[in-house]
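Keep the sequence and the model open side by side as you read.

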Amino acid sequence: MNVKNNFLSIIGLGNFNPSILTPKFLSEVCEFEFKEKPKGKITPVVTNIKYGNLQFIVELEKLQILERDVSNFCDSKIIGLCRLI
């Protein structure tokens, strides 16, 4: 059996306001650099922003950052991003 890492996800539980997490917030407050325009949907109940292999999902009680196609878990970007948000 061959095991391959295909994604890494960090989930934070609490009380969140999904409408705050926007590409503008990520670039200005979290200093996240977008080289292309991110895709997604922002509503007062849930926000889902996809950028490359990263995905930000915010619901009223959950924040999730997902990174796909991870070759090495130690090199993941999402641990640092989770600290900024």
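## Strand 1 meets strand 5

Start with F7, whose bridge partner in strand 5 is R68. Next along, L8 stands opposite E67, again in strand 5. These belong to the antiparallel pairing of strand 1 with strand 5 (residues 62–68), which runs over seven bridges. Two strands count as paired if DSSP finds at least two bridges between them; strands (E, at least two residues) and helices (H or I, at least four) are DSSP runs, numbered from the N terminus.

Some housekeeping: residues are numbered from 1 along each chain as its sequence is written, and side-chain values use heavy atoms, with hydrogens and water left out. This is a predicted model, in which local features need pLDDT of at least 70 and side-chain atom pairs count only at pLDDT 80 or more, while totals for chains, interfaces and linings use all residues.

## Three hairpins

Strand 2 reaches strand 3 by a hairpin through three residues. The two run antiparallel and are joined by four bridges, and K41 has N48 in strand 3 as its bridge partner. The next hairpin, between strand 3 and strand 4, has two residues between the strands, and G52 in the turn has a positive phi of about 60°. Here the antiparallel pairing covers six bridges, with T47 opposite V58 in strand 4.

## Faces and cover

In a regular strand, side chains alternate between the two faces of the sheet. Strand 3 has a covered face made of T47, I49 and Y51, and an uncovered one made of V46, N48 and K50. Strand 5 is mostly covered, with five of its seven residues buried. Buried means under 20% relative accessible area, exposed means over 50%, and partly exposed is in between (1.4 Å probe, protein chains only).

## The nonpolar core

The largest nonpolar core has 15 residues, and L21, L26, F32, L54, F56 and L81 touch the most other members. Strand 3 (46–51), strand 4 (54–59), strand 5 and helix 2 (78–84) each give two or more residues to this core, and strand 4 gives the most, with three. Such a core is a set of buried Ala, Val, Leu, Ile, Met, Phe, Trp, Tyr and Cys residues joined through side-chain atoms within 4.5 Å.

What does F32 touch? Leaving out residues up to four places away in sequence, F32 is in contact with L26, S27, Y51, L54 and L81, where contact means heavy atoms within 4.5 Å.

## Rings around F32

The structure holds four aromatic pairs. Rings of Phe, Tyr and Trp (its six-membered ring) pair if their centres lie within 6.5 Å; planes under 30 degrees apart count as stacked, over 60 as edge-to-face and the rest as tilted. One of the pairs is F32 with F34, edge-to-face at 4.9 Å centre to centre and 75° between the planes. F32 is buried at 11% relative accessible area, while F34, at 22%, counts as partly exposed.

F32 also forms an edge-to-face pair with Y51, at 5.8 Å and 85°. This one links distant parts of the chain, from the loop between helix 1 (23–28) and strand 2, where F32 sits, to strand 3, 19 residues away. Both of these residues, F32 and Y51, are buried. Ring pairs link F32, F34, Y51 and F56 into a cluster.

K35 lies in that loop too and is exposed, at 77% relative accessible area. K35 and Y51 are 16 residues apart in sequence, with their C-alpha atoms 9.4 Å apart.

## One salt bridge

How many salt bridges does the structure hold? There is one, between K62 and E59, with the closest N and O atoms 3.9 Å apart. The cut-off is a side-chain nitrogen of Lys or Arg within 4 Å of a carboxyl oxygen of Asp or Glu. K62 is partly exposed at 23% relative accessibility, and E59 is partly exposed at 33%.
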